[in-house]
Amino acid sequence: MNRFDYIRPATVAEAVTAASVPGSAFLAAGTNLLDLMKGGVVRPERLVDVSRLPGLDAVEALPDGAFRIGARVRNAELAHDRDFARRFPAVAEALLSGASAQLRNAATAGGNLLQRTRCAYFYDPASACNKREPGAGCDALGGENRLHAVLGWSESCIATHPSDFCVPLAALGAVVEIEGPGGRREVPLEEFHLLPGSTPERESVLSPGELVVALRLPAGADAFAAHSRYVKLRERTSYAFAVVSAAAMLRMEGGTIAEARLALGGVALKPWRAREAEAVLAGARPDAATFRRAAEAALEGAHPSGENGFKIELARRIAARALALAAAGTPERIPALPASPLAPVTGVALHG
Amino acid sequence: MSWSITLTVNGEPRHVELDDPRVTLLDLLRERLDLTGSKKGCDRGQCGACTVLLDGQRVNSCLALAVSHDGAEVVTIEGLARSGVLHPVQAAFIEHDAFQCGFCTPGQIMSAVGMIGEAQAGDDPERVRECMSGNLCRCGAYQGITEAVLDAQQRMGQDGWEEAA
Amino acid sequence: MAETAIQLRHGSSIGQPLTRRDGPLKVTGAATYAADNNPPGLLHAALAVSTVARGRVASLDVAAARAHPGVAEVITPANRPPLAADPDEKTGPFSFRQELLQNDTVRYAGQPIAIVVAETLEAATEGARLLAPRYEAEPVLAELDGPDVFTPAAIGVGNAPNMQHGDAEAGLAAAESSIAATYDTPAQYHNAMEPHAVVAAWDGDRVTVDTPSQGLAFAVMRIAGIFGIPPENIHVRSPFLGGGFGSKGLISGPQLLGILAARMVGRPVKLVLPRAQMYGPVGHRAPTRQTLRLGTDSKGALTAISHHVRTASSRYDDFFEPAVGVTHSLYAAPAIETTTDAVRLDTGTPTFMRAPGEASGSIALESAMDEMAVALGMDPLEFRLRNYAEVDPASGKPFSSKALRECYAQGAARFGWAGRPIAPRSMRDENGLLVGWGMGTATFPALMFAAQARAVLRRDGSGVAETGAHDMGQGAWTALAQIAADSMGLDIDRIEFRAGDSRLPDAGIAGGSAHTATAGAALRSAGEEVVAKLAELAMSDERSPLFGAGNAGVVARNGRLLRRDDEARGESYESILARAGLEEIEGKGRGAADPAAQEHYSMHAHGAVFAEVKVDPELGQVRATRLVGAFAAGTVINPRLVNSQYLGGMIWGVSFALHEAAVVDPRSGRVMNANLAEYHVPVNADVPSIEAILVEEHDPHVNALGVKGVGEIGITGTAGAIANAVWHATGVRVRQFPVAIEALIADWPQS
């Protein structure tokens with residue numbers, strides 16, 4: 001790990017000022033940043049410790065019906081917040097399917113958004129990586145890329161975003177609250193992460209010094225609570241990143257889908273909201289044929305970035321599965337194996 | 001530059017002058033405070049051998065910067081037994097042969113103590129397995145670990161171990 | 001064993017399910033592993049390792065590393081002190097070439113190219129990074145289908161690469177039914193939870209080394225050779241290994257570099273490998289590609305087995321995975337032919353990894369047996385019983401013991417194998433998951449190496465037993481103490497058992513599942529000798545109640561010698577020693593294979609493993625939901641520990657079939673998943689139900705204790721059983737391991 005200056009500002013404003021200096025990085029729990037620093041993947045000259053900043057640790061329902069999550073709320077704390085989990089069960093399930101209990105106890109909501117890809121070539125400083133070193137090339141292309149992106153990738157970068165949490169958040173239209181040198185602004189999560197294009201080093205809309213201070217689920221996002229699931233395909237039963245994942249939420253009226261939300265994980269450099277699929281679902285009957293059509297719409301335009309064509313069909317299938325599970329109803333309790341396809345199907349509609 | 005921090009480690013206040021902000025909590029414990037029970041298996045939060053309780057929560061101490069946790073309360077494997085009496089989880093690990101080489105064991109035990117405190121798994125073995133999946137055991141003692149955790153949890157409920165704390 | 005007048009009672013400790021004697025240390029964090037030593041004045045060392053797999057190091061920025069505060073020394077080939085031996089010299093079958101900074105050549109990715117020593121771990125680690133090496137790289141070979149295939153002179157340690165018994169081609173030609181299939185197994189890395197670590201402290205030309213070792217005496221000899229000091233000047237301590245699995249059998253290059261660094265800086269040095277650096281200089285299991293051809297007559301009796309293995313060693317040294325061995329002794333076939341060829345790759349040299357050869361060979365052989373049973377429309381267990389080997393098929397020797405039939409029966413009964421549908425894809429659980437059942441036969445040779453031990457009886461009636469044995473988790477601290485206690489006629493709590501230290505008698509190597517048998521035999525013979533000496537004292541002393549017991553003999557039990565013909569007449573050890581005016585009395589013992597028995601018998605442990613998997617019918621995620629293994633391995637010293645060894649081995653089988661593989665980029669030769677997040681070993685949730693049955697087996701021939709090894713057999717059989725269960729669940733035969741999702745869902749019917 002390189003040497004760095006360590007500073008611990010007392011306020012958000014101080015933090016923003018401190019981090020506006022080039023070469024700075026925010027340190028929250030450090031579960032991803034320290035890993036990257038130990039690997040020599042990133043080498044910040046100055047760490048601005050935001051792990052104690054006041055005002056960023058609340059989980060709260062706002063008067064307007066929105067729900068706000070402070071940026072340094074721990075993953076586990078959020079997943080186990082009863083009110084939150086009742087309103088947004090797929091988010092809780094996604095959180096609990098990520099990493100390990102130890103990491104969830106440390107990792108923060110804001111940090112989760114900003115975690116870096118698990119692309120092995122990004123993590124290996126001896127490999128060419130445009131994200132790590134703009135213009136260096138991409139060794140993942142033509143390399144060991146069976147788990148790389150099938151949507152939204154470019155010749156510059158075929159990495160995926162590893163977050164589980166962000167997938168249902170994207171589906172639910174979450175908004176990211178940002179404080180920066182230029183003041184406060186808000187960005188929909190769907191627009192927060194950037195696809196690689198020709199500038200894969202730019203991963204989010206954040207400018208230097210800008211700090212994620214909260215996530216907000218808009219009013220009405222909890223209307224899907226009764227039919228919300230996250231499903232995550234893994235290469236071991238737990239403690240593994242997604243091969244592909246899907247978050248599905250349905251608002252049922254009578255026997256039909258009034259409104260649907262669908263997002264995919266592990267397929268692109270951002271949580272992939274599938275609005276075309278949502279359009280297919282709206283007003284349709286919740287049956288296997290509908291879900292399959294929606295899944296096909298979701299993967300419209302997908303193409304392999306390497307030895308990973310199988311992920312396209314897998315992503316369709318997991319989208320259809322998530323929709324089917326959502327239709328069956330949110331389980332009363334998150335399964336023992338959260339988000340696992342191998343968990344017993346325990347779906348029971350909570351409310352109609 | 002140096003950083004002066006105070007931690008409560010296993011109930012004892014420890015003042016540390018850090019000459020280097022890069023020191024992780026794990027390396028602080030192992031290399032500077034001579035508390036070598038917490039193990040370094042991967043140093044990247046991928047194995048769980050370094051698990052300690054940090055302000056009551058189980059975390060990977062390899063991914064925590066010591067300087068960032070000034071004022072924190074840390075419990076390590078060395079702080080679990082009381083007056084020579086093994087913590088119920090420790091005793092259950094021996095009885096259920098929940099380890100072989102023993103290298104992952106301090107992390108497993110601290111993780112189990114943390115897990116029991118979280119009270120999410122209950123007496124469901126499948127939930128225990130899931131909740132203990134952040135601790136790798138290459139020897140493959142998982143069956144014994146799961147049994148030990150369930151057994152200890154039950155005994156702690158009966159004996160009121162926590163209340164005696 | 002010759003009958004002697006002195007007969008010891010065995011069984012007071014042996015056979016008891018004692019908890020681990022090192023348990024309290026291990027659960028309190030007080031067990032001291034190598035890296036837990038912090039001697040005064042300690043410096044920390046970190047290695048810089050190569051990122052290219054072939055070529056030379058063109059430059060190192062030594063100045064940048066030295067400029068980092070706290071860096072005390074940078075050691076490169078340019079300033080490394082001379083060694084007493086050439087690390088590239090081969091001196092015997094257990095001698096492997098090592099990289100000790102002898103030159104600027106790079107022969108694999110991850111090779112040590114420099115050492116940075118510093119006041120703190122942080123400084124050493126960053127110092128190593130600041131060296132920013134530049135290379136002149138050459139093209140690499142990283143795949144099995146490379147050019148220049150050759151037949152190695154030997155595989156494993158000294159085994160012939162080819163074996164022919166009968167005419168396999170004729171047997172295949174004459175077969176009514178036959179199958180041929182090719183299976184791929186990947187490179188695997190041991191990944192013991194404890195990284196290789198060394199703390200070395202020199203005092204003149206004497207050195208104390210704390211380092212995990214499965215072979216203390218080998219380590220001492222290697223250190224002596226490399227550093228040119230007499231073996232008696234070297235003290236290696238290894239009370240606990242945080243797992244070894246073969247990778248700590250021979251002291252590795254990085255461990256020697258830690259010792260080298262300490263000598264150069266004149267202060268104690270600690271060097272602990274980061275996890276990523278364990279994918280190179282400390283060995284791995286080589287990849288294999290195996291082709292099995294089986295033929296049977298119309299009744300399902302094998303007419304021939306042909307097993308061909310392609311494997312790989314490094315470009316600069318020889319270790320060839322002996323994967324054909326399992327085929328020699330497992331199934332009765334009139335013709336068996338095995339062949340091995342190999343290529344050379346730009347990797348570190350492969351080495352022994354838990355069940356070296358047997359694990360890889362078993363998954364292929366058991367898969368092929370399953371494919372043959374399918375072709376015959378036979379139940380896989382029935383097919384194996386049809387081809388049960390009553391004698392060793394290749395050598396024709398009788399087995400020293402073989403309770404495999406009982407393993408099949410008990411395992412099948414416990415698992416509920418009866419009633420398994422023959423057709424694949426015919427079982428579902430209540431949630432619609434595909435369910436499959438598969439089985440495999442487990443086998444591992446019963447080996448013996450050589451060991452020495454010492455036993456002492458003391459004036460106070462207590463005993464000391466010592467041998468430089470190694471506990472890497474298998475339970476040597478407990479099981480060997482049980483053997484020693486019985487051999488000395490003492491309760492286990494009356495003996496002090498010493499192990500894990502090079503100053504103790506040489507216990508050989510903890511490998512080949514032979515340590516309990518070998519070190520145990522040495523302890524037993526030492527105990528017998530010391531008891532015999534004590535008995536001699538008593539029987540020749542008129543004042544002893546045992547005087548003249550002579551031909552009737554005495555029995556040693558609970559610290560007393562008793563007349564065999566009248567157990568009411570006896571005397572305590574204390575009293576015998578006190579009257580003789582002795583503070584203590586010593587016996588020495590040796591353990592070794594009995595060449596006559598080995599000549600006459602084929603010696604193997606056996607087992608049968610039954611596996612259930614569940615597979616998501618659309619997504620292909622697999623879980624091994626239930627495993628039952630029944631194993632027969634002779635005398636069980638401690639059933640609690642043996643059970644754990646079997647379970648651990650079976651979980652390695654789960655890992656082999658479903659999870660672990662090194663992902664090597666063939667362009668660079670680098671392992672791209674050199675970490676525990678992406679090199680998947682099973683987690684707790686991967687093993688929901690696992691059970692081992694300890695099948696009774698009495699073996700009068702294998703060794704004095706009747707003990708066969710239990711440490712490695714669990715992988716064999718299990719990996720194949722799971723692969724076969726995956727087929728049974730899905731109807732898809734995956735022949736490339738570990739089973740990958742894309743292999744499973746390819747061509748799947750929409751369900």
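Domain bounds come from an automatic or database domain assignment. The views below show a predicted model, in which local features need pLDDT of at least 70 and side-chain atom pairs count only at pLDDT 80 or more, while totals for chains, interfaces and linings use all residues. Residues are numbered from 1 along each chain as its sequence is written, and chains are lettered from A and ligands numbered from 1 in the order in which they are written.

**View 1. The two domains of chain B.** Chain B comprises domain 1 (3–79) and domain 2 (88–159), and a distance of 21 Å separates their C-alpha centres. Domain 1 of chain B brings 15 residues to the contact and domain 2 of chain B brings 14 (two residues are in contact if their C-beta atoms, placed from the backbone, lie within 7 Å). On the side of domain 1 that touches domain 2, strand 3 (51–54) and strand 4 (57–60) of chain B each provide at least two residues; helices (H or I, at least four residues) and strands (E, at least two) are DSSP runs, numbered from the N terminus. Strand 3 of chain B contributes the most to this side, with three residues. The side of domain 1 that touches domain 2 has six nonpolar, seven polar and two charged residues. Here Ala, Val, Leu, Ile, Met, Phe, Trp, Tyr, Cys and Pro count as nonpolar, Asp, Glu, Lys and Arg as charged, and the others, Gly among them, as polar.

**View 2. The contact between chain B and chain C.** This contact draws 50 residues from chain B and 45 residues from chain C. Several helices of chain B each supply at least two residues of the side that touches chain C, including helix 1 (25–32), helix 3 (105–118) and helix 5 (142–159). Helix 5 of chain B accounts for the largest share of that side, five residues. By class, the side of chain B that touches chain C has 21 nonpolar, 14 polar and 15 charged residues.

**View 3. The contact between chain C and chain A.** Here 29 residues of chain C meet 28 residues of chain A. Helix 3 (121–130) and helix 17 (741–745) of chain C each give at least two residues to the side of chain C that touches chain A, and helix 3 of chain C gives the most, with four residues. This side of chain C has nine nonpolar, seven polar and 13 charged residues.

**View 4. A strand pair in chain C.** Strand 22 (residues 560–563) and strand 23 (residues 566–572) of chain C pair in the antiparallel sense over four bridges; pairing requires that DSSP finds at least two bridges between two strands. A hairpin of two residues connects strand 22 of chain C to strand 23 of chain C. Opposite C:Leu561 stands C:Glu571, in strand 23 of chain C.
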